[in-house]
Amino acid sequence: MDFNFSAFKNNLKSFGDKVSIEFNNEVLPFAQRTTRLVQERMGNVNVDEISQLPSEYVELANRCNNVEKLYKNILKVTQNYENESYDYPINLQESFTEFGKNISDRFSNLSKATTPAEAQAALVTPNGEFKPPKTMYHALARATDGSILTASADANQDPLIKALDLYSSNLSKIANARLGQDQLIKTKFNAPLSTTLRSLLGQSSSIQKRVEEKRINYDVSRQALASCSNPSKEPQLRVSMENAEDDFANTVEDALSVMQNVLEQAKPIEEILELVKAQLAYHKLASELLGGMIGDIEGLADENSKLQGSQLSQRNSESGDFDI
């Protein structure tokens, strides 16, 4: 088979032309934009050489950027609601063995749960062992469980045991309600905010980058034409500048439409309302349960005082009954 040198030379030339075109169309403009951007940020470019963006564009861009900043700042905080133990004392070393003897009591309480939120307290591992939720209120409910003090038959008559059981039971309900609040915040607040941040506000960021790119291309083209000293190159440079100007103007128009749509679709107030609703439901229940215990615990405190007084009188009476 004869080697066709002419065809090889043509193919090589075609490949070289293609590489040259790609270099001129992609690599060179990118390098020029980067150089120009660095010069602008270092203050080496006169202000009148930097194309000004329309005031409407600047206003919309600022509004979009402010909403994006707001969402990011809020999510830095509210994403903690997705971590069950965000309020769990880091220095608390609970012995789950100590609570093992009360597992049957825990499941008994679970069977009395009347809401899904209350049932969330019963987190069961694959092997069927009880896994106490790691929250501040769950830990406090476990620490104040009256069964830890005594297992005697008359425990139900002890005011302290009754007060502890009342407090521990209600605190467990509050703790379960907190888990319910966290789930609502995760699904009805964090998720929508994350979606808006990723999709809608992502569109705004993307189009603003394109506008900046087209603006720099236009300014570089203007500078090239203004500094041209070869009359034969001026027509080509002028066409290049006019094309860059058209691209810049069209991209700005596209950006105005995109950013306006972003602001119309983003619903920060409605989303904050969902956050408030979730927090209100939790705090309202907590307030009702805590407030409802005050009278009962005050009554148990009085009962305990009377019981102690009666026991003291009985001991004094018994200590006086002896023969001399």
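N190 lies in helix α7, which spans residues 159-198. Helices are DSSP runs of H or I with at least four residues, strands are runs of E with at least two, and both are numbered from the N terminus. This is a predicted model, in which local features need pLDDT of at least 70 and side-chain atom pairs count only at pLDDT 80 or more, while totals for chains, interfaces and linings use all residues. Residues are numbered from 1 along each chain as its sequence is written, and side-chain values use heavy atoms, with hydrogens and water left out.

- N190 has a relative accessible area of 2%, so N190 is buried. Buried means under 20% relative accessible area, exposed means over 50%, and partly exposed lies in between (1.4 Å probe, protein chains only).
- The side chains of N190 and E82 form a polar contact of 2.9 Å. A polar contact is a pair of N or O atoms within 3.5 Å; within protein, one must be able to donate a hydrogen and the other to accept it, and residues adjacent in sequence count only if both atoms are side-chain atoms.
- Beyond its neighbours within four places in sequence, N190 is in contact with L75, T78, Q79, E82 and I185. Contact means heavy atoms within 4.5 Å.
- T78 lies in helix α2. Its relative accessible area is 5%, so T78 is buried.
- A polar contact of 2.8 Å links the side chains of T78 and N190.
- T78 touches F189 and N190, leaving out residues up to four places away in sequence.

**Helices α2 and α7**

- The axes of α2 and α7 come within 10 Å and cross at roughly 145°. Axes are lines fitted to C-alpha atoms, for helices over the stretch in contact, and angles run from 0 to 180 degrees between N-to-C directions.
- The crossing of α2 past α7 is left-handed. Left-handed means that the near helix is turned anticlockwise from the far one by less than a right angle; clockwise would be right-handed.
- On the α2 side, E68, Y71, K72, I74, L75 and T78 take part; they meet F189, N190, L193, S194, T196 and L197 in α7.
- The residues of this contact divide into six nonpolar, four polar and two charged. Ala, Val, Leu, Ile, Met, Phe, Trp, Tyr, Cys and Pro count as nonpolar, Asp, Glu, Lys and Arg as charged, and the others, Gly among them, as polar.

**Helices α2 and α9**

- Helix α2 (residues 55-78) packs with helix α9 (residues 234-265) at an angle of about 40°, their axes 10 Å apart.
- That angle makes α2 oblique to α9. Angles under 35 degrees count as roughly parallel, over 145 as roughly antiparallel, 65 to 115 as roughly perpendicular and the rest as oblique.
- α2 passes α9 in a left-handed crossing.
- E56, Y57, L60, A61, R63, C64 and V67 of α2 meet V252, A255, L256, M259, Q260, V262 and L263 of α9.
- By class, this contact has 11 nonpolar, one polar and two charged residues.

**Helices α7 and α8**

- Helix α8 covers residues 200-226; α7 packs with α8 at about 20°, with the axes 3 Å apart.
- That makes α7 roughly parallel to α8.
- T195, T196, L197 and R198 of α7 make the contact with L200, L201 and G202 of α8.
- The classes here are three nonpolar, three polar and one charged.

**P132**

- P132 sits in the loop between β2 (130-131) and α6 (136-143).
- P132 counts as buried because its relative accessibility is 8%.
- P132 and R142 are 10 residues apart along the chain, and their C-alpha atoms are separated by 8.8 Å.
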